[in-house]
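Keep the structure in view as you read.

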Amino acid sequence: MEYLIAGYGYMFRERVRQGWRLTFLTFTFNHLRGSASNVAWQMRDELERVYAKVLTRIERKPRNVPPDLLPLWVCCPDFPVSKTEKHSFRDAVVNNGRHVHAIAAVPPWSRMKGTLEDHFYEHQNQYTGNGKPLFRIDAQPITHDGWFATDYGLKGAKSSRVGYDELFILPRSTSEVPVRTKSVRDGDAQPRLTHPVTADQESAG
């Protein structure tokens, strides 16, 4: 599990090198009916819906873009740990405290005005509220220690209540093999993620 989380940390680090911006997301939900497995499914389904909605704000035609160049969300359910974390009574009780963290990476060619944090702050009511599965979306920029944020965000995968099999990536069809182009530095074998439109413009220049 430690190797898996470290691998995701590496993926995010490489994206940051290439200008991507990281955001730490926390999704808390209104009361969801059903068994524990059904509640887990509803939460995952809702995150997929939110991702799809945000995606169209970032990419005009996402189906024309290779999956590796789309925004990347690595998501993991979690539960409050009362001894080490402070949570409201509501968050600790509703759905037995189950919530979902996500590490989100947005590419530098995003057409979204402002940051992902700005988007969720300004449009919170489009995603959350009475009659909707989501109660709140908290979005915080990751500006310094990406390794710590990744480890914290995915810590639920290391617990017996969640497990690694409930960790999921959006978009679902994302391949972990990035597009390879000429590196910024001579002799650098690291992959560089390049948007098709950007690449065409560079070639034309």
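What follows looks at the core, then at some ring pairs, then at confidence.

Let's begin inside. In soluble globular proteins, nonpolar side chains tend to be buried together. Here the largest nonpolar core has 50 residues, and the ones that touch the most other members are Leu25, Phe27, Trp73, Leu116 and Phe120. The biggest giver is H2, with eight residues.

Now pick out Phe120. Leaving aside residues up to four places away in sequence, Phe120 touches Leu25, Val50, Val54, Trp73, Tyr127, Ile137 and Ala139. At 1% relative accessibility, Phe120 counts as buried.

On to the rings. A pair of aromatic rings is described by the distance of the centres and the angle of the planes. This model has four aromatic pairs. Take Tyr51 and Trp73: their ring centres are 5.2 Å apart and their planes sit at 85 degrees, and since an angle over 60 counts as edge-to-face, that is what this pair is. Tyr51 belongs to helix H2 and Trp73 to strand S2, so the pair ties together parts that are 22 residues apart in sequence. Both partners are tucked away: Tyr51 is buried at a relative accessible area of 5%, and Trp73 is buried at 1%.

Phe120 turns up again here, paired edge-to-face with Tyr127, at 5.3 Å centre to centre and 65 degrees between the planes. Tyr127 is buried too, with a relative accessible area of 0%. Back at Trp73, ring pairs link Phe27, Tyr51 and Trp73 into a cluster.

The charged end of Arg15 is over the ring of Trp20, 5.1 Å from its centre. Arg90 does likewise with Phe135, lying over its face at 3.6 Å from the ring centre.

So which element has the highest mean pLDDT, and which the lowest? H4 comes out highest at 97, while helix H7 (residues 196-204) is lowest at 47. Over residues 174-191 the pLDDT stays under 50, though the model has 32 contacts for them beyond four places in sequence. Residues 198-205 are below 50 as well, with three contacts beyond near neighbours in sequence. Where pLDDT is low, the predicted coordinates should not be read in detail.

Note on methods: Residues are numbered from 1 along each chain as its sequence is written. This is a predicted model: local features need pLDDT of at least 70, side-chain atom pairs count only at pLDDT 80 or more; totals for chains, interfaces and linings use all residues. Side-chain values use heavy atoms; hydrogens and water are left out. A nonpolar core is a set of buried Ala, Val, Leu, Ile, Met, Phe, Trp, Tyr and Cys residues joined through side-chain atoms within 4.5 Å. Buried means under 20% relative accessible area, exposed over 50%, partly exposed in between (1.4 Å probe, protein chains only). Helices (H or I, at least four residues) and strands (E, at least two) are DSSP runs, numbered from the N terminus. Contact means heavy atoms within 4.5 Å. Rings of Phe, Tyr and Trp (its six-membered ring) pair if their centres lie within 6.5 Å; planes under 30 degrees apart count as stacked, over 60 as edge-to-face and the rest as tilted. A charge sits over a ring if NZ of Lys or CZ of Arg is within 6 Å of the ring centre and within 35 degrees of the ring normal. pLDDT is the predictor's confidence in each residue, from 0 to 100.
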